[in-house]
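Work through these exercises with the sequence and the 3D view side by side. Try each task before you read its solution.

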Amino acid sequence: MGIVEEAHNVKVLGKGEKTIVLAHGFGTDQSVWKYLIPHLLDDYRVILFDSMGSGPTNPDYFDFERYSTIDGYVYDLLAILQELQVESCIFVGHSLSTMVGLLASISRPDLFSKLILLGASPKFLNDEDYHGGFEREEVDQLYEGIKTNYKSWCLGFAPMVVGGDMDSVAVQEFSRTLFNVRPDIALSAAQIIFQSDLRPILGHVTVPCHILQSVKDLAVPVGVSEYLNKNLGSDSVVEIMRSDGHLPQLSSPDIVIPILLRHIRCDINET
């Protein structure tokens, strides 16, 4: 195993000719795909990894300067693909990783046959002509919560984002992976998420994009998916799912997994 693979806990599963890369979002790790993975193993080579700073990775490897922008995560993704000698893949990204995938595809479009974007947003803050879902004051309070009492903040943030109470299995799972992130790293990642504005790069994307969105998602309003669809430079399609929350692959797998599989297997004109 190479240095990059080891640092990111890379796992390569399955036996298919086509390669799928599964990339998780903020506060989770590769386990967020546990309901999807069994359906892929017979037909695909599946690559899983943990973003630097997520629970299972070594926090000592987290370089705050490198990860002061989203580009640090993009470089990591490209390094993983290079080390595994991936020539082309289907990229499935969730939340923050959707933007990582978009940026990586602009740099190396040859590496991606299509991008499947779950809960994607180029900008989480509201603007004059754009509804991202969050006001600046709300984000400042979020930062303060992480700084002052991380455990308490996690207990409030997890059910709010997942869309359930603490008795929910999905909320408990997200709470577990969120707790595993070191607070200073969580703050750094949150700042990147809420301070980034990737709207200007959307027109440079050339790889086909499948945009999947919960009908009710506190983190990403439905209008954001339509914004992406209109502004991406590539062919794209939107599907609004009957799921609730920002981690529907955990909270509503019976709804979301069949939809993910359909978009993985079918091109835009077939979905």
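**Exercise 1. Decide whether Phe-26 and Phe-157 are buried or exposed, then classify their ring pair**.

Solution. 
Step 1. Keep in mind that this model is predicted.
Step 2. Check accessibility: both Phe-26 and Phe-157 are buried.
Step 3. Look at the two rings. Their centres are 6.3 Å apart, with 75° between the planes. The limit for a pair is 6.5 Å, and planes over 60 degrees apart count as edge-to-face. So Phe-26 and Phe-157 form an edge-to-face aromatic pair.
Step 4. Phe-26 sits in the loop between β2 (18–23) and β3 (44–48), and Phe-157 in helix α5, so the pair ties together parts that lie 131 residues apart in sequence.
Step 5. Widen the view. Phe-26 and Phe-157 belong to a cluster linked by ring pairs, together with Tyr-150, Trp-153 and Phe-174.

**Exercise 2. Find which parts of the chain the pair of Phe-134 and Phe-194 links**.

Solution. 
Step 1. Take the geometry of Phe-134 and Phe-194: 5.0 Å from centre to centre and 75° between the planes, an edge-to-face pair.
Step 2. Locate each residue. Phe-134 is in the loop between β5 (112–118) and α4 (136–148), and Phe-194 is in helix α7. The pair links distant parts of the chain, 60 residues apart.
Step 3. Phe-134 has 14%, so Phe-134 is buried. Phe-194 has 8%, so Phe-194 is buried too.

**Exercise 3. Describe the largest cavity: what is its volume, and which residues line it**?

Solution. 
Step 1. Search the whole structure. Three cavities of 30 Å³ or more turn up.
Step 2. Read the volume of the largest cavity: about 250 Å³.
Step 3. List the lining. It has 23 residues; nearest the centre are His-24, Ser-51, Met-52, Tyr-73 and Leu-96.
Step 4. Sort the lining by class: 13 nonpolar, nine polar and one charged.
Step 5. Name helices that contribute. α2 (71–83), α3 (96–107) and α7 (183–195) each supply at least two lining residues.

How values were computed:
Residues are numbered from 1 along each chain as its sequence is written. This is a predicted model: local features need pLDDT of at least 70, side-chain atom pairs count only at pLDDT 80 or more; totals for chains, interfaces and linings use all residues. Side-chain values use heavy atoms; hydrogens and water are left out. On a 1 Å grid over the protein atoms alone, a cavity is a set of points where a 1.4 Å probe fits but cannot get out, and a pocket is an open set with protein on both sides within 12 Å along at least five of seven lines; lining residues have an atom within 4 Å of a point. Grid points are joined across faces, edges and corners, and a volume is the space filled by probe spheres set on the points. Helices (H or I, at least four residues) and strands (E, at least two) are DSSP runs, numbered from the N terminus. Ala, Val, Leu, Ile, Met, Phe, Trp, Tyr, Cys and Pro count as nonpolar, Asp, Glu, Lys and Arg as charged, and the others, Gly among them, as polar. Rings of Phe, Tyr and Trp (its six-membered ring) pair if their centres lie within 6.5 Å; planes under 30 degrees apart count as stacked, over 60 as edge-to-face and the rest as tilted. Buried means under 20% relative accessible area, exposed over 50%, partly exposed in between (1.4 Å probe, protein chains only).
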